[in-house]
Amino acid sequence: MKNIRAFLDEMGGYFTLVRDQYHLDVDDDDSYIDLLLFHRRLRCLIVIELKIGEFKPEYAGKMQYYLSALDETVKLPDENPSIGIIICKSKKRTRVEYTLRKSNAPIGVATYSYYDNLPEDMRGLLPSPDEIANIVAEIDDTSMGE
């Protein structure tokens, strides 16, 4: 959680953290959204799901479920429809395109990567690969416990 503030600042300062591991209860079925944000300029909820592996089509179905549930039960009348972002370690472009082609929900898929060597002027600005690995491990431990 201590690193989320820096992450939100890096994203432009318009994001507000609603909650990590946001609890959704639909028909007595519990689900937990990794990160729920609010974007002040877009005036909408932003769902971020963090995946440590390659993108799978079922991630989009789960995201559509989250977006529909939030829009029906959490979104205020003056807010815009929710947006979903799935962050994966890797993705195959065609698989993502086929998965999202007929979806009318605003969902994006992004990848993350890390490098062993950063330019000298950036080293103090970004966490080290070990720090990032520890953050991902903490997220994994938290999500597996629920």
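## Exercises on a predicted model

In strand β2, Asp29 is the bridge partner of Val26. The structure is a predicted model.

**Exercise 1.** Describe how strands β1 and β2 pair, and what joins them.

*Solution.* 
Step 1. Locate the strands: β1 covers residues 15-26 and β2 covers residues 29-39.
Step 2. Look at the connection: two residues lie between β1 and β2, and the two strands form a hairpin.
Step 3. Check the turn: Asp27 has a positive phi there, of about 50 degrees.

**Exercise 2.** Find how many aromatic pairs the whole structure has, and classify each of them.

*Solution.* 
Step 1. Searching the whole structure gives two aromatic pairs.
Step 2. For Phe55 and Tyr59, the ring centres are 6.1 Å apart and the planes stand at 80 degrees, so this pair is edge-to-face. The cut-off for that class is over 60 degrees.
Step 3. For Tyr65 and Tyr66, the centres are 6.0 Å apart and the planes make 45 degrees, a tilted pair.

**Exercise 3.** State whether Phe55, Tyr59, Tyr65 and Tyr66 are buried, partly exposed or exposed.

*Solution.* 
Step 1. Recall the cut-offs: buried means under 20% relative accessible area, and exposed means over 50%.
Step 2. Phe55 and Tyr59 are both buried.
Step 3. Tyr65 has 29% relative accessibility, so Tyr65 counts as partly exposed.
Step 4. Tyr66 has a relative accessible area of 1%, so Tyr66 is buried.

**Exercise 4.** Which residue has its charged end over the ring of Tyr59?

*Solution.* 
The residue is Lys51, whose charged end is 4.8 Å from the centre of the Tyr59 ring.

Note on methods. Residues are numbered from 1 along each chain as its sequence is written. This is a predicted model: local features need pLDDT of at least 70, side-chain atom pairs count only at pLDDT 80 or more; totals for chains, interfaces and linings use all residues. Side-chain values use heavy atoms; hydrogens and water are left out. Two strands pair if DSSP finds at least two bridges between them. Helices (H or I, at least four residues) and strands (E, at least two) are DSSP runs, numbered from the N terminus. Rings of Phe, Tyr and Trp (its six-membered ring) pair if their centres lie within 6.5 Å; planes under 30 degrees apart count as stacked, over 60 as edge-to-face and the rest as tilted. Buried means under 20% relative accessible area, exposed over 50%, partly exposed in between (1.4 Å probe, protein chains only). A charge sits over a ring if NZ of Lys or CZ of Arg is within 6 Å of the ring centre and within 35 degrees of the ring normal.
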